[in-house]
Amino acid sequence: MTLVRKNSGFTMVELLVVLAVTSIVLSLMYQVYHSQLKSHTTQQELVEMQQNLRATLYLMEREIRMAGHGPNGGVADPAVTIAQVDNIAFAMDITGGTTLEPSDGDTADPGEQINYFLDGVSGELIRNAFDGNGNQTILSLRDIMFVYKDEDGTTLDYAALASDDERKKIRSVEILLNASIGPGPMVSEHEMELRSEIKCRNLGLN
């Protein structure tokens, strides 16, 4: 009796099927991995953006709240020297004096005049304290808005705020910061907005 031994192994068709199935599975696994990685990266960027916005808002709140500060009833009005939609400048008397009385009666010392403005070309928020360091970039923004209000909470008109007499009416400043992930001015699905109203307790004292 003669035994016929069959060849054991895969045919070319079977190998091609296995390779095709494996490629599909690997492709799906990569897509899932890439999606999860992208989601994680986006969440990290959102957290970082929120932290930067909050830190920036805290700094601006602290400094704008000091606008007009000085001995004997504050500095001469208007302490807010620029009041535009994306540009604010203000003065305070906080240095130049002695240990017991830090103020010296003027606003000419470094750090006593502060200017915040949005660079329309770069989209960066700029701070200048006129202390020899020049313009300093705080962070990139999509938009910023300053809203100025009088003692009754009425919003003051931007055009009128070019006048010294009108800026003397400012008692509070509302700040709106808007930022998004990714460069450029295009609207992003991942954007964040923070808003705060600052009561300027030293304005209108002098």
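Buried means under 20% relative accessible area, exposed means over 50%, and partly exposed lies in between (1.4 Å probe, protein chains only). The model is predicted: local features need pLDDT of at least 70, side-chain atom pairs count only at pLDDT 80 or more, and totals for chains, interfaces and linings use all residues. Residues are numbered from 1 along each chain as its sequence is written, and side-chain values use heavy atoms, with hydrogens and water left out.

**View 1. Asp164 and Arg167 meet in a salt bridge.** The N to O distance is 2.4 Å. A salt bridge here is a side-chain nitrogen of Lys or Arg within 4 Å of a carboxyl oxygen of Asp or Glu. Both residues sit in helix α2 (residues 164–167). Helices are DSSP runs of H or I with at least four residues, strands are runs of E with at least two, and both are numbered from the N terminus. Asp164 and Arg167 are separated by about one helical turn because they are three residues apart in the helix. Asp164 is partly exposed, with a relative accessible area of 41%. Arg167 counts as buried, at 8% relative accessibility.

**View 2. Glu197 and Lys149 pair through their side chains in a salt bridge.** N and O lie 3.4 Å apart. This pair links distant parts of the chain, 48 residues apart. Glu197 belongs to strand β8 (residues 191–199), and Lys149 to strand β6 (residues 143–149). Glu197 is partly exposed because its relative accessibility is 34%. Lys149 is at 13%, so it counts as buried.

**View 3. Glu197 also bridges to Lys199.** The closest N and O atoms of this salt bridge are 3.5 Å apart. Lys199 is exposed, with a relative accessible area of 55%. Shared partners join Lys149, Glu174, Glu193, Arg195, Glu197 and Lys199 into one salt-bridge network. A search of the whole structure finds ten salt bridges. Side chains of opposite charge can pair when their charged atoms come close.

**View 4. Six residues form a nonpolar surface patch: Val13, Val17, Val21, Val25, Leu26 and Met29.** Together they have about 560 Å² of accessible area. Areas come from the Shrake-Rupley method with a 1.4 Å probe; for residues, only the protein chains shown count as cover. Patch residues have over 30% relative accessible area and no salt bridge; like charges are joined within 9 Å, nonpolar side chains (Val, Leu, Ile, Met, Phe, Trp, Tyr) within 5 Å. Val17 lies in helix α1 (residues 12–65). At 47% relative accessibility, Val17 is partly exposed.
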